Amino acid sequence: MARSGLATTLAALALAATACTLPEAPEREERTNADANAGQPHPSLAPHADGAPEVEIVAKENSVEWTKEEYEVKAGVVNIAFTSPPSSNHNLNLVGPGAPYPLLWGDPAGAPADKLTHAVELRKGTYIYYCSVPGHRQGGMEGRLVAT
């Protein structure tokens with residue numbers, strides 16, 4: 001008796017699954033770190049936009065901290081510059097409104113002595129920036145960028 005109940009339930013689930021199909025998710029756009037270092041993180045405009053305000057996000061030397069943990073800028077095109085001191089091994093990731101995946105400055109495994117700038121169009125909202133080198137974000141290497 002239990003088998004027929006189970007069979008009925010499975011048949012009903014199979015029928016429901018064929019009647020309710022969800023659209024497939026779009027394919028994730030591939031983006032390499034070489035693209036990011038060439039000024040092409042999504043939704044980057046160029047390595048630098050003349051006349052746009054600049055936010056300088058700098059890693060502290062010999063530390064897993066940023067020199068500043070919060071910035072506020074006007075929404076629109078902003079030059080975001082990332083600096084990793086020569087004795088450090090950091091990168092910069094930025095997530096927030098409108099970005100389907102993090103923007104990346106520096107190699108995924110860390111990049112000593114980087115100074116990379118990307119022009120990015122920021123929507124209004126709060127963005128989180130962090131270092132994704134293992135243990136760094138967990139150690140406190142995370143900040144906020146608020147676009148108003």
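Predicted model: local features only at pLDDT ≥ 70, side-chain atom pairs only at ≥ 80, totals over all residues.
Reader: Over how many bridges do β5 and β6 pair?

Author: Strands are DSSP runs of E with at least two residues, and helices are runs of H or I with at least four. Two strands pair if DSSP finds at least two bridges between them. β5 and β6 run antiparallel, and their bridges number three.

Reader: Which are the edge strands of the open sheet?

Author: Five strands form this sheet, with mixed pairing, in the order β3-β9-β8-β5-β6. Each edge strand pairs on one side only, and they are β3 (70-73) and β6 (103-105).

Reader: Is Ser84 buried or exposed?

Author: Ser84 lies in the loop between β4 (76-83) and β5 (92-95). Buried means under 20% relative accessible area, exposed over 50%, and partly exposed in between, with a 1.4 Å probe and protein chains only. Because its relative accessible area is 1%, Ser84 is buried.

Reader: Which residue's backbone nitrogen does the side chain of Ser84 reach?

Author: The distance to that nitrogen is 3.5 Å. The residue it belongs to is His90.

Reader: How many helices and strands are in the protein?

Author: From the N terminus on, the elements run α-α-β-β-β-β-β-β-β-β-β. The tally is two helices and nine strands.

Note on methods:
Residues numbered from 1 in each chain as written. Heavy atoms only, no water. Polar contact = N/O pair within 3.5 Å; in protein donor to acceptor, adjacent residues only side chain to side chain.
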